[in-house]
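Me: Please take a close look at one part of the model shown here. I would like a connected account, with the cut-offs stated where a term is used.

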Amino acid sequence: MIEKEVITINYALALRIRELLKLKNMSQYRLEQNSGVSHSQLGFILKNRNNSVNFKTVIMLAKGFDMTLLEFLDSPYFDCEKLEIE
């Protein structure tokens, strides 16, 4: 049996943001401007140096990508079976 790789929610969020930045050909600066998330906060998320991200920030990031929250979360990165939840 093959075990699934387990990742933290914060790391999954960072991976999703990086994926969307590339897909939408968007800079980190543009995302900060569109979402209202500060440069330092987004930097901590992308470098996986944060302990937790609040739900409001996730919603702001989705809006920054011009996506609904459901579209933003519709990713294999957020597969509950692969997320470490503590």
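Is Asn51 buried or exposed, and what is its relative accessible area? Please go on from there to the surrounding elements and the aromatic rings.

Reply: This is a predicted model, in which local features need pLDDT of at least 70 and side-chain atom pairs count only at pLDDT 80 or more, while totals for chains, interfaces and linings use all residues. Residues are numbered from 1 along each chain as its sequence is written, and side-chain values use heavy atoms, with hydrogens and water left out.

Asn51 is exposed, because its relative accessible area is 78%; exposed means over 50%, buried under 20%, and partly exposed in between, with a 1.4 Å probe and protein chains only. Asn51 is located in the loop between α3 (39-46) and α4 (55-64). Helices here are DSSP runs of H or I with at least four residues, strands are runs of E with at least two, and both are numbered from the N terminus. Lys82 is 31 residues from Asn51 along the chain, and the two C-alpha atoms are separated by 18 Å.

Within α3, the buried residues are Leu42, Gly43, Ile45 and Leu46. They lie on the same side of α3, because they cover an arc of only 160° around the axis, the arc being that of the directions from the helix axis to the C-beta atoms. These buried residues of α3 pack against α1 (9-23), α2 (28-35) and α4, with contact meaning heavy atoms within 4.5 Å.

The largest nonpolar core has 20 residues, and those with the most contacts inside it are Leu13, Ile17, Leu31, Leu42, Leu61, Phe65 and Phe72. Such a core is a set of buried Ala, Val, Leu, Ile, Met, Phe, Trp, Tyr and Cys residues joined through side-chain atoms within 4.5 Å. At least two residues of this core come from each of α1, α3 and α4, and α1 gives the largest share, five residues. Leaving aside residues up to four places away in sequence, Leu13 touches Ile45, Val53, Val58, Leu61, Phe72 and Phe78.

The aromatic rings come next. Rings of Phe, Tyr and Trp (its six-membered ring) pair if their centres lie within 6.5 Å, and planes under 30 degrees apart count as stacked, over 60 as edge-to-face and the rest as tilted. By this rule there are two aromatic pairs. Phe65 and Phe72 are stacked, because their ring centres are 6.2 Å apart and their planes are at 25°. For Phe72 and Phe78 the centres are 6.4 Å apart and the planes at 35°, so this pair is tilted. Phe65 and Phe72 are both buried, with Phe72 at 0% relative accessibility, and Phe78 is buried at 15%.

Arg16 sits over the face of Phe72, 6.0 Å from the ring centre; the rule asks for NZ of Lys or CZ of Arg within 6 Å of the ring centre and within 35 degrees of the ring normal. Arg16 is itself buried, with a relative accessible area of 7%. Its side chain meets that of Glu19 in a salt bridge (2.6 Å, N to O), defined as a side-chain nitrogen of Lys or Arg within 4 Å of a carboxyl oxygen of Asp or Glu. The count by this rule is one salt bridge. Glu19 and Arg16 are about one helical turn apart, because three residues separate their positions in α1. Glu19 is partly exposed, at 27% relative accessibility.
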